[in-house]
Amino acid sequence: MTTDVMLTADTVGQRRENLYFALRNPKVLIGLTIVVGLALLGVIGPFFLSATPNEYIGPKSEAPSADHWLGTTYFGQDVFTQFVHGLRSSYLVGSLGGLIAFVIGMSVGFTAGYRGGLVDEFLNMLTNVVLVLPALAVLIVISSYLEVRGVISQAVIIGLFSWPWVARAVRAQTFTLRNRDYVDLAKLTGKRPGQIIMREIMPNMASYLLMSVILLFGGAILFAAMLDFIGMGPSNSVSLGSMMQQAMAWSSLHLGLWWWFVPPGAAITLIVGGLYITNVGLDEVFNPKLREK
Amino acid sequence: MLELEKVWKSYRVGSLGSKKLTAVRDVSFSIAPGEVLSVVGESGSGKTTVGKMVLQLISVSKGAIRLDGEDITKTGKRGLKEYYRNVQGVFQDPFSSYNPIFRADRVLEMVKESYFPRVKRSEWDSKVEDSLQSVGLEAGAVLGKYPHQLSGGQLQRMLIARALLLDIKVLVADEIISMLDASTRIDVLNLLGSLKERGLAVLFVTHDLSLANYISERVIIMRHGAIVETGATGKVFGDPRHPYSRNLLASVPQLHTKWSENPIPVVELEPDGDRSRPPAPLTKVDERHWVASVG
Ligand SMILES: Nc1ncnc2c1ncn2[C@@H]1O[C@H](COP(=O)(O)OP(=O)(O)OP(=O)(O)O)[C@@H](O)[C@H]1O
Ligand SMILES: [Mg+2]
């Protein structure tokens with residue numbers, strides 16, 4: 001146990017330096033503020049609001065007011081309540097879908113890259129098959145077969161389809177790293193492949209892995225919103241995408257109910273944009289050549 | 001003590017392993033305690049492959065590698081870990097031997113973690129200090145530093161110190177000084193000499209004949225994956241019999257001759273043939289001197 005602590009302590013110096021630059025990087029700061037701010041609203045908000053966002057509670061099509069911060073829908077539902085619940089489910093889809101894709105992508109990438117040979121050829125084939133599958137078409141087919149479409153099942157499906165690019169990149173990097181002499185040296189110390197991957201190879205890709213997680217998270221949110229928008233969203237709850245879909249279906253644009261579709265649209269754009277800015281900033285942090293003076 | 005018997009290695013290359021490349025052919029030799037055995041030969045002759053097979057970093061295709069009579073190509077993971085208590089390696093590129101994001105002394109710490117988990121910290125620290133001292137390093141100057149803060153010579157010595165923590169019997173040293181400057185080279189070479197005095201066997205892979213001559217009792221000359229000449233260093237370098245060995249020795253530039261005065265004559269050699277066939281057998285030409293017959 002103590003040796004483990006010692007070994008991880010070695011990297012602390014560099015991690016701290018990266019953290020220092022990360023927190024001083026304006027892009028990272030702006031991006032994180034947006035993403036974390038909206039996340040807090042989505043996580044905490046629902047506790048103060050109605051648990052049934054689809055309930056008809058007020059006058060129809062009312063503009064924002066002190067009672068209804070973001071107005072009401074065509075049917076008299078509170079837009080702010082829907083918005084906050086929608087945020088929550090978007091973050092849930094993003095985290096769960098992103099996490100599933102990340103775990104699969106890493107496992108496939110590390111196994112293929114480290115083992116090489118036939119294992120690699122097989123996994124590479126699998127990766128390419130999933131990569132060229134028309135994911136959207138498959139998702140639509142699967143989604144329409146599910147009896148109850150929930151946020152979780154949507155996240156799982158998205159996760160199962162968005163890992164290939166992570167696997168490819170991880171595999172490529174593992175391929176070069178596994179030939180370093182320090183990997184051989186770890187073998188000569190009797191270390192097992194799992195330990196070598198986790199402790200020799202993975203730490204060298206930490207920045208890359210962090211950035212992949214962020215991109216997967218954003219990708220999953222966007223993908224979910226797209227599915228929701230074409231009516232393949234969760235049938236038992238609200239999401240940002242399904243709000244927009246409802247708004248469009250009841251021609252809120254023509255009726256001038258801007259408060260119905262602008263907030264969810266803006267939130268999706270802000271989250272994905274914020275993640276993107278964070279990533280660009282992190283790239284500068286990890287890649288000192290990009291750091292401005 | 002360490003013995004290779006008719007060891008072959010072929011790599012599968014091409015998509016789905018369609019082609020075969022034989023890198024080592026029918027190599028047999030043994031090393032005794034307190035002996036340095038040099039392996040020399042042109043680039044691609046299979047020297048590194050032999051070293052890595054001895055370290056079991058790559059599997060052998062055919063043949064046996066025995067340590068004190070036990071064939072280690074057949075032991076499982078457990079046996080291999082025990083084997084590494086006795087046999088260790090140091091590689092060519094000191095900067096690739098250290099994980100750049102960790103401190104350099106982590107290589108020593110990993111030895112403790114794997115082999116001495118129950119040794120007390122203070123006891124271990126003094127053991128580390130001793131072994132660093134025996135390779136001519138001062139603990140204070142190298143501990144706690146990152147690899148890029150140390151010189152190539154310091155890094156290579158620290159790897160030797162790491163091996164010594166394990167009370168090894170055999171050290172595989174693959175071109176360990178080819179990336180060091182001339183004066184550091186001699187220091188590390190002399191260090192190997194003193195380890196030899198202490199009874200360590202060293203498999204010294206190099207393409208520098210003068211280094212091989214300086215340090216080793218016996219030498220193996222390899223070409224196209226097979227041994228072409230072997231024996232006592234004085235015999236092989238003093239009286240090379242195989243045309244390839246002669247070329248090799250003739251091509252060592254002398255300090256006092258210039259190309260313009262005396263261009264080095266090179267004899268035509270037979271080209272690389274079918275590598276899956278057994279190589280030409282070695283015949284004894286003198287006491288402690290064997291040469292492959294030339295076809
Ligand atoms: N992983 C591998 N896959 C396929 N072929 C390989 C592999 N490793 C080595 N080889 C081939 O095996 C042969 C012997 O390589 P090896 O590295 O043992 O040569 P070497 O004598 O150490 O050369 P050098 O002096 O350049 O280090 C070469 O032809 C090389 O191309
Ligand atoms: Mg080599």
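Is Asn25(A) buried or exposed? Asn25(A) counts as buried, because its relative accessibility is 7%; buried means under 20% relative accessible area, exposed over 50%, partly exposed in between, with a 1.4 Å probe and protein chains only.

Some ground rules. This is a predicted model, where local features need pLDDT of at least 70 and side-chain atom pairs count only at pLDDT 80 or more, while totals for chains, interfaces and linings use all residues. Residues are numbered from 1 along each chain as its sequence is written, chains are lettered from A and ligands numbered from 1 in the order in which they are written, and side-chain values use heavy atoms, leaving out hydrogens and water.

Asn25(A) sits in the loop between helix 1 (2-24) and helix 2 (26-44) of chain A. Helices here are DSSP runs of H or I, at least four residues, numbered from the N terminus. Setting aside residues up to four places away in sequence, Asn25(A) touches Gly281(A), Glu284(A) and Val285(A), contact being heavy atoms within 4.5 Å. The side chain of Asn25(A) also reaches the backbone nitrogen of Lys27(A) at 2.8 Å.

Now chain B. Helix 6 (residues 152-164) and helix 7 (residues 182-197) of chain B pack with axes 10 Å apart, at an angle of about 15°; axes are lines fitted to C-alpha atoms over the stretch in contact, and angles run from 0 to 180 degrees between N-to-C directions. That makes helix 6 of chain B roughly parallel to helix 7 of chain B, the label for angles under 35 degrees.

Technical notes: Helix = DSSP H or I, 4+ residues; strand = E, 2+ residues; numbered from the N terminus. Polar contact = N/O pair within 3.5 Å; in protein donor to acceptor, adjacent residues only side chain to side chain. Parallel < 35°, antiparallel > 145°, perpendicular 65-115°, else oblique.
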